[in-house]
Amino acid sequence: IAFGSQQGHIESVECLRDGEKTKFYNKEELITIKIVSEVDETVKNPKMLFILQDTKKYNIYGIRSDETIQWEFSENNRKKATMYFQFKASLVPGEYSVTLALQDYKSANITTLIERQTHAVDFVIVSKGLEEIYGVVDLKATCSNSIVNKQEA
C-alpha cells in the first residue's frame, strides 16, 4: 500500500542476500533492503524512515537515514538516492514486513511526509535447527546462578 505526493516517490524496494533478490533468510543472516528514491528540488533535506514490523503490525525496530546518504541530481533535475538498510536477522522464524516513509526532514519536531509505503517489502525468517526463541527478537540473554558483568553479553 503506497501513497505519496508530487514532491517525490520511492521507486523500488528489494530484499537482498549477497546481492541477489530473495524473500527467505535463515536466523542470523545479514538482511539487506535496497531502496531507490527520487525527490524534486523543493525537498531540502530528504530522509527515509525504515520500520520493521511483525505480522501483527507491531513495530520491532525503526531507524531514519542520516546525512551520509548522497542524493545525486538525475537527468530530470530531481535528486535520486539508492540506500541500503542492513541488519542481522536476530528474529524468531516467521513473516516480517518493512514500512518506509520518505520525508522532508525540517527539524527533530517537524517533518513533511512525501511518500509512505506499508508492506513495501516482506520477508520470511526460516528455522534452521532446534533453537527455540520464546519472543520476537533473540536478545542473546542468558540465565545462570550468578551475575555476569560482560559488556558483550
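**Figure 1. Overall fold of the predicted chain.** The chain contains zero helices and 11 strands, where helices (H or I, at least four residues) and strands (E, at least two) are DSSP runs numbered from the N terminus. The model is predicted: local features need pLDDT of at least 70, side-chain atom pairs count only at pLDDT 80 or more, and totals for chains, interfaces and linings use all residues. Residues are numbered from 1 along each chain as its sequence is written, and side-chain values use heavy atoms, with hydrogens and water left out. Along the sequence, the order of elements is β-β-β-β-β-β-β-β-β-β-β. Of the 153 residues, 39% count as buried; buried means under 20% relative accessible area, exposed over 50%, and partly exposed in between (1.4 Å probe, protein chains only). The accessible surface of the chain is about 9,800 Å², and carbon and sulfur atoms account for 50% of this area; accessible areas come from the Shrake-Rupley method with a 1.4 Å probe, and for residues only the protein chains shown count as cover. Among contacts between residues at least 6 apart in sequence, 70% join residues at least 24 apart, a contact being heavy atoms within 4.5 Å.

**Figure 2. Strand β6 and its neighbours.** Strand β6 (residues 46-54) has nine of its nine residues buried, so the strand is largely enclosed by the rest of the structure. One side carries P46, M48, F50, L52 and D54, the other K47, L49, I51 and Q53, and both faces are covered. Strand β6 runs antiparallel to strand β10 (residues 94-105), to which nine bridges join it; two strands pair if DSSP finds at least two bridges between them. Within this pairing, F50 stands opposite L100 of β10. Strand β6 also pairs with β7 in the antiparallel sense, over five bridges. The hairpin of β6 and β7 has four residues between the strands, and K57 in this hairpin takes a positive phi near 70°.

**Figure 3. Tyr61 on strand β7.** Y61 belongs to strand β7 (residues 59-64) and is the bridge partner of L52. Its relative accessibility is 47%, so Y61 counts as partly exposed. When residues up to four places away in sequence are not counted, Y61 touches F50, I51 and L52. Y61 and F50 are 11 residues apart along the chain, and their C-alpha atoms are separated by 8.2 Å.

Figure 4. Five aromatic pairs are present in the structure. Rings of Phe, Tyr and Trp (its six-membered ring) pair if their centres lie within 6.5 Å; planes under 30 degrees apart count as stacked, over 60 as edge-to-face and the rest as tilted. One of the pairs is formed by Y25 and F123, which are edge-to-face, with 5.9 Å from centre to centre and 90° between the planes. Y25 lies in strand β4 and F123 in strand β11 (residues 111-126), so this pair ties together parts that are 98 residues apart in sequence. Y25 and F123 are both buried. Ring pairs link Y25, F50, F85, F87, Y96 and F123 into a cluster. Elsewhere, K47 lies over the face of Y105, 5.5 Å from the ring centre; a charge sits over a ring if NZ of Lys or CZ of Arg is within 6 Å of the ring centre and within 35 degrees of the ring normal.

Figure 5. The structure has eight salt bridges, each defined as a side-chain nitrogen of Lys or Arg within 4 Å of a carboxyl oxygen of Asp or Glu. E28 meets K27 in a salt bridge of 3.2 Å, N to O. K27 is buried at 11% relative accessibility, whereas E28 is partly exposed at 24%. E28 also forms a salt bridge with K88, in which the closest N and O atoms are 3.7 Å apart. E28 lies in the loop between β4 (24-26) and β5 (30-39) and K88 in strand β9 (residues 79-88), so the pair ties together parts that are 60 residues apart in sequence. K88 is exposed at 52% relative accessibility. Through shared partners, salt bridges join K27, E28 and K88 into one network.

Figure 6. E14 and K21 form a salt bridge whose closest N and O atoms are 3.8 Å apart. E14 is partly exposed at 22% relative accessibility, while K21 is exposed at 63%. E20 lies in strand β3 (residues 20-21) and is exposed, with a relative accessible area of 56%. The C-alpha atoms of E20 and T32 are separated by 9.8 Å, the two residues being 12 residues apart along the chain.
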